[in-house]
Amino acid sequence: MSEPPATRGDRPTRERVADYVLAHPGLHFNELVRRLDLAPGQAQYHLRRLVRADRVVDEEVSGRTHYFDPGIDPIERERLALFRRETAREAVVELLDGPARPDAVAGEVGVARSTLEHHLDGLVDAGVVEKRRDARGRVTLALTDPEATARSLRRIEPSLPDRLLDRFTRLVDALLE
Amino acid sequence: MNSLLQVAPGVQGVAYAVVVAVGGVAGALLLGLGLAAFFRRRSRSYLLVALALGALVARAGVAAASAVGVVGPDAHHFGEHVLDVVMAGLVVAAVYYARDVRAEAAS
């Protein structure tokens, strides 16, 4: 794959974007724009070229594009993207203690069942969490690979806007319940 | 806020301006959160909540407009009550549709 020659002025910005993505795996596009203080068009231009040059990879997870070091394998990428969301992360942290009923997890995390279910959809799709059903069809949540999950969690720290947005949706879900 | 307006023309004008400004900034922040939440969830309830927060910001807008004399006191008063009705209606609708979605999910 050949990259079109970049002009000199592009270089430092592109390196900045590349370094940041490698140091903060799993951030989504808007978050990168905010943290790097770039215009969205500018960020898009550089990210597209970095992706084309195989220096970063992009991954679509639950409607957002997240960026990663290509050295991170696809399964880990999806995990990191999901763990960038506070509620999903906290639910998973609860399950590190062992399998639990959904109501208990929602209670521990302090979210409405509907909020938990929304995040569980992504976690189950990504193979992080599994729903086990007993003979009477009651669901127990469990981590499929607790050790890998613990390793992934250690690479993540949340941003303030993400935290605010997560808490706002939780509050609204709880109020509308 | 309305009673403040009626006694506000002199010294309390500054307090009035501060209250309107703080209300506007806080409302805009909430509206931002509401819109971001809607774009994340894309549900009707979240759209209605975001619109209700929009009405809150519009309320601050009406207060500011009356402070600079664009809107008269009567229109200001009436406008704010209309926005109250709009806001309440939007929240009621958001609650209604939240029930609807759960009923679908349960069946």
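Let us begin with Thr87(A), which is placed in helix H5 of chain A, the helix that covers residues 86–95. Please keep in mind that we are looking at a predicted model. Is Thr87(A) buried or exposed? Thr87(A) is buried, because its relative accessible area is 0%, and the cut-off for buried is under 20%. Which residues does Thr87(A) touch, if we leave aside those up to four places away in sequence? The partners are Val111(A), Thr115(A), His119(A), Asp166(A) and Arg170(A).

I turn now to a residue in another setting, Asp54(A). Asp54(A) lies in the loop that runs between helix H3 (40–52) and strand E2 (57–61) of chain A. Its relative accessible area is 53%, so Asp54(A) counts as exposed, the cut-off here being over 50%. The backbone of Asp54(A) also deserves a remark: its phi is near 60°, a positive value in a residue that is not glycine.

Strand E4(A), residues 129–133, and strand E5(A) pair in the antiparallel sense, with five bridges. Within this pairing, Glu130(A) has Ala142(A) of E5(A) as its bridge partner. Five residues stand between the two strands of the hairpin, and there Gly137(A) takes a positive phi near 80°. How many of the five residues of E5(A) are buried? Four of them are, which leaves this strand, residues 139–143, mostly covered.

Let me close with the interface of the two chains. Chain B contributes 15 residues to the contact and chain A contributes 13 residues. Together the chains bury about 1,300 Å², and 65% of that area is on carbon and sulfur atoms. On the side of chain B, the residues that lose the most area to chain A are Leu33(B), Arg40(B) and Arg41(B), which together make up 50% of what that side buries.

What of specific polar interactions? Three helices of chain B each supply at least two residues to the side that touches chain A, namely H2 (12–41), H3 (44–67) and H4 (73–106). H2(B) provides the largest share, seven residues. By residue type, the side of chain B that touches chain A comprises ten nonpolar, two polar and three charged residues.

How values were computed: Residues are numbered from 1 along each chain as its sequence is written. Chains are lettered from A and ligands numbered from 1 in the order in which they are written. This is a predicted model: local features need pLDDT of at least 70, side-chain atom pairs count only at pLDDT 80 or more; totals for chains, interfaces and linings use all residues. Side-chain values use heavy atoms; hydrogens and water are left out. Contact means heavy atoms within 4.5 Å. Buried area is the accessible area (1.4 Å probe) that two parts lose on being put together, summed over both. Helices (H or I, at least four residues) and strands (E, at least two) are DSSP runs, numbered from the N terminus. Ala, Val, Leu, Ile, Met, Phe, Trp, Tyr, Cys and Pro count as nonpolar, Asp, Glu, Lys and Arg as charged, and the others, Gly among them, as polar. Buried means under 20% relative accessible area, exposed over 50%, partly exposed in between (1.4 Å probe, protein chains only). Two strands pair if DSSP finds at least two bridges between them.
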